[in-house]
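Open the model in your viewer and keep the selection panel at hand. The tour below moves from one selection to the next.

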Amino acid sequence: MKTWARLALSLLALLHVGDLGAQVTFERILDSDAEPENWLTFGGSYTGQRYSLLNGISLDNVEDLELKWIYQNRVAGLWEATPLVVDGIMYLTQRPNDVLALDAATGRVFWNYRHRPSSDTRVCCGSNNRGVAIHGQTLFMGTLDARLIALDATTGKEVWNIDVADARLGYSITMAPLVVKDMVVIGTGGGEYGIRGFIAAYDVDTGEEIWRFKTIPEPGEPGNETWEGDDWIYGGASVWLTGSYDPELNLMYWGIGNPGPDWNPDQRPGDNLYSESVVALDADTGELEWYFQFTPNDGYDYDAVQVPVLVDGEWGGEPRSMMISANRNGYFYVLDRATGEFLLGRPFVKVNWASGLDENGRPVQTPQPPGEPTWPGNQGATNWFPPAFSPRTGLFYVSVWDSYAVIYRREADEYVAGELFTGGRFRTLAPVPDAPGINVGRPGPINNWTDAVGHGVTMAIDPQTGEAAWRFEQFDVTDSGMLTTASDLLFTGGREGYFYALDAATGEELWRANLGGSIVMAPITYAVDGKQYVTVISGNMMATFGLRE
Amino acid sequence: MRPLQWISPSLFALTAFSAVPEPGTAQVVQGHEYEVEAVETGSQIYASRCAVCHGSNGDQIAGVDLRHGQVTQAASETKLRQAIRGGNLDAGMPQFNLPPDQLDALVAFIQAGMDVGGTAVGIGSPAQGMTLFEGEAGCTRCHSANGRRAGLAPDLSDIGDRRDAEYLQRTLLDPSGAMLPINRPVTAVTDDGRTIRGRRLNEDTYTVQIVDDEGRLRSLIKADLHEFEVSTESPMPSVEGRLNPRQVADLIAYLLSLQGAR
């Protein structure tokens with residue numbers, strides 16, 4: 001056979017194989033409700049609701065859940081990833097920057113891609129990664145050394161691999177990217193290192209940058225007047241959780257992190273825009289449409305990165321497109337997502353850093369005297385753990401740290417490139433000196449801080465009032481995300497290692513399994529061959545449950 | 001060990017607990033002497049660079065307790081320096097390229113037990129303290145040490161490795177005020193009317209683990225209990241009024257000498 005003929009045949013063969021693979025188009029993600037057997041994007045859909053239309057597992061049979069398979073890793077530390085599931089294949093990340101493809105029905109591994117982050121990597125709070133995004137046949141992962149890597153979903157081989165930011169300056173990526181149209185969009189962490197945050201969109205095929213939104217405006221741009229002098233250059237405002245997207249408005253919503261230095265607001269007078277805000281960006285250009293700032297001149301590290309959850313419904317008798325979120329600062333918010341108008345804000349835990357919100361949602365700040373405790377404490381009333389919303393119950397579900405406070409000490413800090421830039425210290429309020437304080441993750445199997453220092457609540461909040469419809473109390477604090485279903489189940493967990501199915505309408509516990517390791521991600525659900533599964537990560541183990549047959 | 005110093009007729013004044021040593025006073029740990037200024041500087045570096053992950057008490061990472069010398073790859077001061085400079089990326093610890101004086105200060109702070117004011121407590125004779133511990137002070141009625149098993153109270157065989165002098169003094173004088181929440185006494189009444197008393201070892205939403213007043217490990221299911229109460233009153237009596245300041249200092253010296261099996 002002539003060479004050109006062989007080449008033509010090979011090309012045809014390649015095209016054919018490509019057709020058979022998982023082609024996750026933008027349209028498929030847009031219409032994710034049409035294929036609830038898959039989990040195509042970090043939040044389950046662009047709304048970030050983590051609400052699944054699967055209803056095979058129901059209030060009536062949830063007691064029949066049994067373990068189907070386990071995948072164990074050998075990596076120490078918190079495992080916060082949300083897996084994706086596409087047509088029976090699960091795509092998962094594990095520390096520090098591994099991607100795996102698994103058979104979603106059996107847990108057996110097809111391939112394991114490993115990226116070793118550069119020794120220049122600086123991460124404040126652990127080698128976390130929260131998952132991948134998919135477009136067509138390509139997976140995308142952000143890395144601890146601030147790279148964005150595209151992988152072929154069939155082979156696990158690199159398609160492209162680009163620098164997003166300079167890891168030596170403290171930039172890192174821990175979030176799952178968001179695919180919109182033909183772009184993969186990502187932000188960077190590093191708010192404890194005096195970075196200047198941004199959100200950037202890249203061409204899915206080439207990795208070429210399409211637009212970039214800087215989360216701190218520079219001189220001459222609106223908002224720079226909320227900083228003094230050069231403070232804006234090292235002002236933080238990182239982006240470390242995945243945003244959401246409204247296709248009708250063509251707006252993306254991203255939560256922005258703390259200003260730097262974290263705990264010394266005296267060192268950076270002004271509101272410090274767009275730190276501690278949600279920004280609505282034009283998806284095609286990255287231009288700012290509106291913003292809403294939750295905590296101006298924040299001195300408590302109340303990152304506003306929580307996933308903005310998009311909800312359609314009535315407000316005051318009129319139909320509204322809304323964005324809801326429970327903020328790390330202790331307030332629950334409802335905004336109009338077309339305009340950013342403040343509709344409601346109510347505390348969902350004890351709050352004493354502010355006495356309330358004014359008519360525009362701006363907090364009336366009441367900083368505590370030196371040595372006095374601040375509620376909520378530094379880890380916040382809630383944090384990275386993704387919440388959920390059920391259009392059926394009309395309730396918003398979130399993990400909450402209750403009765404938890406810290407005492408801050410502000411200190412002047414000098415910016416040094418690549419070094420931590422936090423501006424002070426804090427300690428947890430405890431009944432006796434030297435008592436252990438709660439921190440990121442649990443250092444061992446014993447809860448030695450006890451409820452005397454704080455405890456967890458799975459809370460269902462009615463967005464119409466901002467009040468708790470029900471509370472499910474846990475002895476230890478909980479960092480678990482949420483999953484809710486069209487069969488009115490709510491799946492969640494906690495640091496104690498219990499994995500729960502609750503009645504989403506009432507909070508009644510219907511089923512639980514003791515998995516033994518902290519649950520610090522949001523469970524997902526999917527189906528293969530018509531059978532529904534629920535997957536959760538506990539400690540170093542990913543466990544998948546299904547109904548007893 | 002910290003130097004044997006006697007400071008204080010005001011030993012019993014609670015306000016003296018916050019006393020800071022004179023400038024220039026050194027802490028001596030494992031043959032190394034750390035200047036107080038370095039320890040104080042180190043505490044500031046620790047707060048801004050390390051506490052985010054390791055916590056203010058140095059014990060927030062699994063398997064690592066900086067205050068008490070439990071460091072995964074840093075059994076010596078040299079290795080501690082290497083761990084700080086080299087990081088441990090798999091575990092999420094970055095490299096810290098601190099200037100030499102800052103690195104010295106940070107190491108001094110960690111090696112000094114993360115205790116800036118560590119010399120302000122009177123420390124007497126360990127031998128006399130042992131006599132008191134086993135005799136007049138009555139400690140062995142409840143506490144065990146070095147394999148001498150007693151009752152309900154925590155074993156103290158390695159208390160000198162886990163606690164500093166200031167903490168021990170506070171516990172002796174004000175046991176309830178110093179009792180860690182996890183150690184609180186538990187009283188449970190079962191549905192069939194039996195009363196179980198003990199000290200809490202661990203607790204979660206559904207269960208509580210205790211050592212009961214007969215020294216047995218028990219795990220109780222809360223749903224099976226008729227009553228469940230956790231008290232904030234320590235069963236330990238204060239030594240104030242029973243022992244004089246020198247005896248307290250001797251007792252502290254003995255407790256600090258209990259370093260566990262090595």
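At what angle do helix α2 (residues 77–86) and helix α3 (residues 100–111) of chain B pack, and how many Å apart are their axes? Select both stretches in this predicted model. The angle is about 120°, and the axes are 11 Å apart. Because of that angle, α2(B) is oblique to α3(B); the range counted as roughly perpendicular ends at 115 degrees, and roughly antiparallel starts over 145. The handedness of the crossing is right-handed.

Next, show the side chains where these two helices meet. On α2(B), pick B:E77, B:L80, B:R81 and B:I84. On α3(B), pick B:L103, B:L106, B:V107, B:I110 and B:Q111. Sorted by type, the residues of this contact are six nonpolar, one polar and two charged.

Now widen the selection to the whole of chain B. Its secondary structure consists of eight helices and seven strands. Of its 262 residues, 40% are buried. Colour by contact separation if your viewer can do it: among contacts between residues at least 6 apart in sequence, 61% join residues at least 24 apart.

Then bring in chain A and select the contact between the two chains. Chain B puts 30 residues into this contact, and chain A puts in 40 residues. On the chain B side, highlight α1 (36–54), α7 (175–178) and β4 (195–203), each of which supplies at least two residues. Which of the elements of chain B gives the most to the side that touches chain A? It is α1(B), with six residues. By type, the chain B side holds 15 nonpolar, ten polar and five charged residues.

The last stop is in chain A. Select the open sheet of four strands, whose order is β3-β4-β5-β6, with antiparallel pairing. Its edge strands are β3 (84–86) and β6 (109–114) of chain A, each pairing on one side only. On average, neighbouring strands in the sheet are turned by 20° against each other, direction ignored. In general, the strands of a sheet pair through backbone hydrogen bonds, in either a parallel or an antiparallel way.

Zoom in on one pair of this sheet: β3(A) and strand β4 (residues 89–94) of chain A. They pair in the antiparallel sense over three bridges.

Definitions and conventions:
Residues numbered from 1 in each chain as written. Chains lettered and ligands numbered in written order. Predicted model: local features only at pLDDT ≥ 70, side-chain atom pairs only at ≥ 80, totals over all residues. Buried ≥ 20, exposed ≤ 12 C-beta atoms within 10 Å, placed from the backbone. Contact = placed C-beta atoms within 7 Å. Nonpolar A, V, L, I, M, F, W, Y, C, P; charged D, E, K, R; others polar. Pairing = 2+ DSSP bridges. Axes fitted to C-alpha atoms, helices over the stretch in contact; angles between N-to-C directions. Parallel < 35°, antiparallel > 145°, perpendicular 65-115°, else oblique. Left-handed = near helix turned anticlockwise from the far one by under 90°.
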